[in-house]
Amino acid sequence: MNIHEYQAKEILKKYGVTIQNGLVATTPDEAVEAAKQMQAQSGQSWVVLKSQIHAGGRGKGSIVGSEQRGVALAKNLDQAKEIATNILGNTLVTIQTGPKGKLVSKILVAEDVYYPGASEPKEFYMSVLMDRQTSQNVIIYTTEGGMDIEHVAEHTPEKIHKEWIDPLTGLTGFQARKIAYNLGLEGQANKEMVKFVMALYTAYVNTDSDMFEINPVLKTSDDRILAVDAKVSLDENALFRHKDLELLRDESEEDPTEVEAKKSNLNYVKLDGNVGCMVNGAGLAMATMDIIKLSGGEPANFLDVGGTANAQTVEAGFRIILSDPNVKAILINVFGGIVRCDRVAQGVVDAYNNIGNIPVPIIVRLQGTNAEEGKKLIDDSGLKVFSAIELKEAAALVKQVLI
């Protein structure tokens, strides 16, 4: 589950990670009040206004119909109001949003941390995530912060360092000091980085996150180390342990059909094809999408109803799949292990009758417990539903209905 930058920073702050302070605003007037508070708190007249959407590249992205960037520096309160007016309620297009962009409903008004001092500020990159090849968490870091990490990895991979953490011992002080040393830090900045790394890793582990990415980590001109930006992805499978974090979900940033699917306990991912898929099991879903492509079609979605398919879940799946106007056929592919095939077949018939006239053909392939009985229920229903036992039969029917 992705969260906004301001939410990620609140998590970091809770665990002792020093952050770039800021306040969230939803109107231009709120942005001005937030800017006043930031000026009073930091002693700096400049503030930074940052669009809050679930996508990267905001600083390079543009508001539709203007030259306004998604992240901008305001030198005074008038500029802060002007920038907030240009951003809030408008669509921001970045390299990650695609051409449709995303509506900006919140803006983070943050303190200016690039103030003059004894030395030049310096930006680093740092992230924490799971390395599934080694079954260990890894901290990835580089001196080349403030830019696309993909660009650094492609052109200067030798500048990227990795520190793997033994799950039995956790992150040690030695490893944190090694990271600070490899970043070329000395004196107070070195000590501050060690504390930063230790706190960041604690936050990552204690929140059961998939990823923490801080770009940039800033060494200020007075040798403070702080998170200027933060991208956090939480593990949805662990949210039952973190009810407070579950409340951070912003459904307006998610695909509406995927939100609806979650309410029905369905695993759904929208794709760009013309054949809707409804299966029980992720592996079977992948095989089903393969067979659709081999039949000349393109999968329109990934929808896993799990091991307890019934009339309610099948009906919810139908409605979600049919909300996509590109769907020309639906393939239901179920292996009856935990759930009986005749129960699934009855669920299909009941769901079809509840919905009424379904405008696209439906192919139902059942295999496993009571598969023959399930096929008979489908064949005797009198509905526009085609049944199959073998996967090749289902593939042939898909090809037939698409011609």
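Here is a short chat about salt bridges in this predicted model.

Tutor: Quick ground rules: because the model is predicted, local features need pLDDT of at least 70 and side-chain atom pairs count only at pLDDT 80 or more, while totals for chains, interfaces and linings use all residues. Residues are numbered from 1 along each chain as its sequence is written, and side-chain values use heavy atoms, with hydrogens and water left out.

Student: What makes Glu5 count as buried?

Tutor: Buried means under 20% relative accessible area, exposed over 50%, and partly exposed in between (1.4 Å probe, protein chains only). Glu5 has 4% relative accessibility, so Glu5 is buried. Arg58 is buried too, at 8%.

Student: Why is Asp379 called partly exposed?

Tutor: Its relative accessible area is 42%, so Asp379 falls in the in-between class. Asp379 forms a salt bridge with Lys375, with the closest N and O atoms 2.9 Å apart. Lys375 is partly exposed as well, at 23%.

Student: How do you know that Arg249 and Glu236 meet in a salt bridge?

Tutor: Their N to O distance is 3.7 Å, and that is within 4 Å, so the pair qualifies.

Student: How many salt bridges does a search of the whole structure find?

Tutor: The search finds 24. Glu5 and Arg58 also belong to a network of salt bridges that includes Lys9, Lys50 and Asp229.

Note on methods
A salt bridge is a side-chain nitrogen of Lys or Arg within 4 Å of a carboxyl oxygen of Asp or Glu.
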